[in-house]
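Subject: Handover of a structure and its computed contacts

Dear colleague,

Please find the structure below, followed by an account of what was found in it.

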Amino acid sequence: MDHEKRSRLIEELSQEREPQLVPIGRFFDGNDDTGSIGCNLPEHPGIHVFRDVFAQLASRQDVTAIYAQIAELDPGDDCWPFADTVFVVGSITDDELRDALVPLEPDEVGSADEFGVSDIVSRQLNGRTLVAWWD
């Protein structure tokens, strides 16, 4: 784990109001903490798999942006901020997103409306949004 990047990320996000969103690339930059996302998985595929799957998604024409929502900003000294929810903005379909995320085994994938995403988040994301969630 890159502790400098972790500290900068925590410092910057602590200045933001909740819910705190971070671009997915930034979430993974310096992060090797399997407890930061998908920690409920019986066999975690590794942060590198999460990073690669989301990088592939971000490169698609039908994906405008991807954000991790921080659920716990500072879970401990040797821990990266924790996210259990990822927002995917664009015209990608629910089924295409589910298929792309199979290696990451999210508990649920659906529309922002189905998840009851707040108006604050919807305004921040500024586009059609799908959600992936890990329990």
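**Aromatic pairs**

Four aromatic pairs are present in the structure. Rings of Phe, Tyr and Trp (the six-membered ring of Trp) are paired if their centres lie within 6.5 Å; planes under 30 degrees apart are called stacked, over 60 edge-to-face, and the rest tilted. Phe28 and Phe54 form a stacked pair, with 6.2 Å from centre to centre and 25° between the planes. This pair links distant parts of the chain, as Phe28 belongs to helix α2 and Phe54 to helix α3, 26 residues apart. Helices (H or I, at least four residues) and strands (E, at least two) are DSSP runs, numbered from the N terminus. Phe28 and Phe54 are both buried, where buried stands for under 20% relative accessible area, exposed for over 50%, and partly exposed for values in between (1.4 Å probe, protein chains only).

Phe54 also pairs with Trp134: the ring centres are 6.5 Å apart and the planes stand at 70°, so this pair is edge-to-face. Because Phe54 lies in helix α3 and Trp134 in the segment after β5 (129-133), the pair ties together parts that are 80 residues apart in sequence. Trp134 is buried, as is Phe54. One aromatic cluster is formed by Phe27, Phe28, Phe50, Phe54 and Trp134.

The model is predicted, so local features need pLDDT of at least 70 and side-chain atom pairs count only at pLDDT 80 or more, whereas totals for chains, interfaces and linings use all residues. Residues are numbered from 1 along each chain as its sequence is written, and side-chain values use heavy atoms, with hydrogens and water left out.

**Salt bridges**

The structure holds eight salt bridges, each defined as a side-chain nitrogen of Lys or Arg within 4 Å of a carboxyl oxygen of Asp or Glu. In one of them, Arg6 is joined to Asp74, with the closest N and O atoms 2.6 Å apart. Arg6 is in helix α1 (residues 3-14) and Asp74 in the loop between β2 (63-72) and β3 (82-90), so parts 68 residues apart in sequence are tied together. Arg6 counts as buried because its relative accessibility is 7%, while Asp74, at 45%, counts as partly exposed.

Another salt bridge joins Glu12 and Arg26, whose closest N and O atoms are 2.8 Å apart. Here the pair ties together helix α1, which holds Glu12, and helix α2, which holds Arg26, the two residues being 14 residues apart in sequence. Glu12 is partly exposed, with a relative accessible area of 41%, and Arg26 is also partly exposed, at 30%.

Glu96 and Arg60 form a salt bridge in which the closest N and O atoms are 3.7 Å apart. Glu96 lies in helix α4 (residues 94-100) and Arg60 in the loop between α3 and β2, so the pair ties together parts that are 36 residues apart in sequence. Both ends are partly exposed: Glu96 has 34% relative accessibility and Arg60 has 27%. Through shared partners, salt bridges join Arg60, Asp62 and Glu96 into one network.

**Surface charge**

Which residues gather in a patch of negative charge on the surface? They are Glu43, Glu105, Asp107, Glu108, Asp113, Glu114 and Asp135. Patches are made of residues with over 30% relative accessible area and no salt bridge, and like charges are joined within 9 Å. Glu43 is found in the loop between α2 (24-28) and α3 (47-58) and is exposed, with 67% relative accessibility. Glu105 is placed in the loop between α4 and β4 (108-111) and is partly exposed, at 42%.

**Backbone**

Most residues other than glycine have a negative phi, and most peptide bonds are trans. Glu105 has a positive phi, near 50°. The peptide bond from Glu18 to Pro19 is cis, with omega near 0°, and Pro19 is located in the loop between α1 and β1 (20-23).

With kind regards

Conventions
Patch = residues over 30% accessible without salt bridge, like charges linked within 9 Å, V, L, I, M, F, W, Y side chains within 5 Å. Areas by Shrake-Rupley, 256 points an atom, 1.4 Å probe, with all protein chains shown as cover. Lys, Arg positive; Asp, Glu negative; His and termini not counted. Charge placed at Lys NZ, Arg CZ, Asp CG, Glu CD.
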